[in-house]
Structure formats: structure tokens, C-alpha cells
Amino acid sequence: MATVGIVMGSTSDWEVMKEAAQVCKDFGISYEARALSAHRTPAELEEWMEEMEKSGCKAFIAGAGGAAHLAGVAAAKTLLPVFGVPIPSKYLKGLDSLLAMVQMPKGIPVPTLAIGEAGAGNAGLSVVAMLAVFDPEMRKKLVDFRAKQAKKVAEAKLPEL
């Protein structure tokens, strides 16, 4: 059973989406990652999402570029949270992806993160925060993670001139 489903429109998106997978791994959250297209494999996407839900999945992270319909299509097929990650595109650098995701019609939300790797990592952390609401062990891991981040910043020194 995978707790999180990570889906991307193409295998080339893995370079970005692996950041979400790494966060899941770091926090001990099981995940399954797949490349499925909202346009080219919609039936397979729906079937996979149904299987994931039946097996206990708690959330999806969907990354796509260009028209970036994947997150919206995924959100329309489930009641579980779907976190959107805009993938940088060749010509518009992911702005097209971002705008496509954040313009979901009222009633089918897709919480959307930043373009690229930072967005994918933060999507993973959003799932961690969601799970931490009900799981004291996950909450402790998140508290410790944030404390380590704060300590790293506090201890950082600027280089001398």
C-alpha cells in the first residue's frame, strides 16, 4: 500500500518530481510514482487512481508542463487532496503550467506549488504536514525537520571579503 501517489505527465518530468519522492522517502512515507498522461492515457490514469485509493492512498501529487491538465483531471477523479506541481516548459519556463493549474474552476481545488523542484519538494512537505495533523509520529518528524532547517540558517556564516 502506498500512502502517496506521485503522477507526472511524462517520464521526462521525473527530474522535477523526484524531489517529492525524496521528501516522502525521507519522512518514511510510502509512495508510488507513475508517468500517466491526462490526454494520452486518461483511462489508465483513472484506473491507477482508483487502485491507489482502494489500497489506502491519502493524497496525490501531480506534476505536468505546458497545458498542465494532469492535476485538474486527477482532482476531478478523486476526493483526496491533489497537490499540483507546474513543470518548467521549454518556451514559457513553466509559467503556462502554473497558470493552467491555478485556474481550476471553483469546486475542484488543486493546491498548486511553485514551478519546478522547489514546488515538488514543497508538495511532498505539504503531504507531510497533512499527515502530521493526525499522526503524532509524523508531527514529531516535521517539527524536527523544521528545527534542523532553522539551526542550519542560524549557524550559516557569510564569507569574508
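The structure holds 2 aromatic pairs (rings of Phe, Tyr and Trp, the last by its six-membered ring, pair if their centres lie within 6.5 Å; planes under 30 degrees apart count as stacked, over 60 as edge-to-face and the rest as tilted). This is a predicted model, in which local features need pLDDT of at least 70 and side-chain atom pairs count only at pLDDT 80 or more, while totals for chains, interfaces and linings use all residues. Residues are numbered from 1 along each chain as its sequence is written, and side-chain values use heavy atoms, with hydrogens and water left out.

Select Phe27 and Phe145. Their ring centres are 5.5 Å apart and their planes stand at 65°, so the pair is edge-to-face. Phe27 lies in the loop between helix 1 and strand 2 and Phe145 in helix 6, so the pair ties together parts that are 118 residues apart in sequence. Helices (H or I, at least four residues) and strands (E, at least two) are DSSP runs, numbered from the N terminus.

Next, select helix 5 (residues 117-132) and helix 6 (residues 136-155). They pack at an angle of about 135°, with their axes 8 Å apart; axes are lines fitted to C-alpha atoms, for helices over the stretch in contact, and angles run from 0 to 180 degrees between N-to-C directions. Helix 5 is therefore oblique to helix 6 (angles under 35 degrees count as roughly parallel, over 145 as roughly antiparallel, 65 to 115 as roughly perpendicular and the rest as oblique). Show the side chains: Leu125, Val128, Ala129, Leu131 and Ala132 in helix 5 meet Met138, Arg139, Leu142 and Phe145 in helix 6, contact meaning heavy atoms within 4.5 Å. The residues of this contact divide into 8 nonpolar, no polar and 1 charged (Ala, Val, Leu, Ile, Met, Phe, Trp, Tyr, Cys and Pro count as nonpolar, Asp, Glu, Lys and Arg as charged, and the others, Gly among them, as polar).

Helix 1 and helix 5 pack at an angle of about 25°, with their axes 7 Å apart. The two are therefore roughly parallel to each other. Helix 1 contributes Glu15, Val16, Met17, Glu19, Ala20 and Val23, and helix 5 contributes Glu117, Ala120, Gly121, Gly124, Leu125 and Val128. By class, this contact has 7 nonpolar, 2 polar and 3 charged residues.

Strand 1 (residues 4-8) pairs with strand 2 over 5 bridges. Select Val7 to find Arg34 of strand 2 opposite.

Notes. Pairing = 2+ DSSP bridges.
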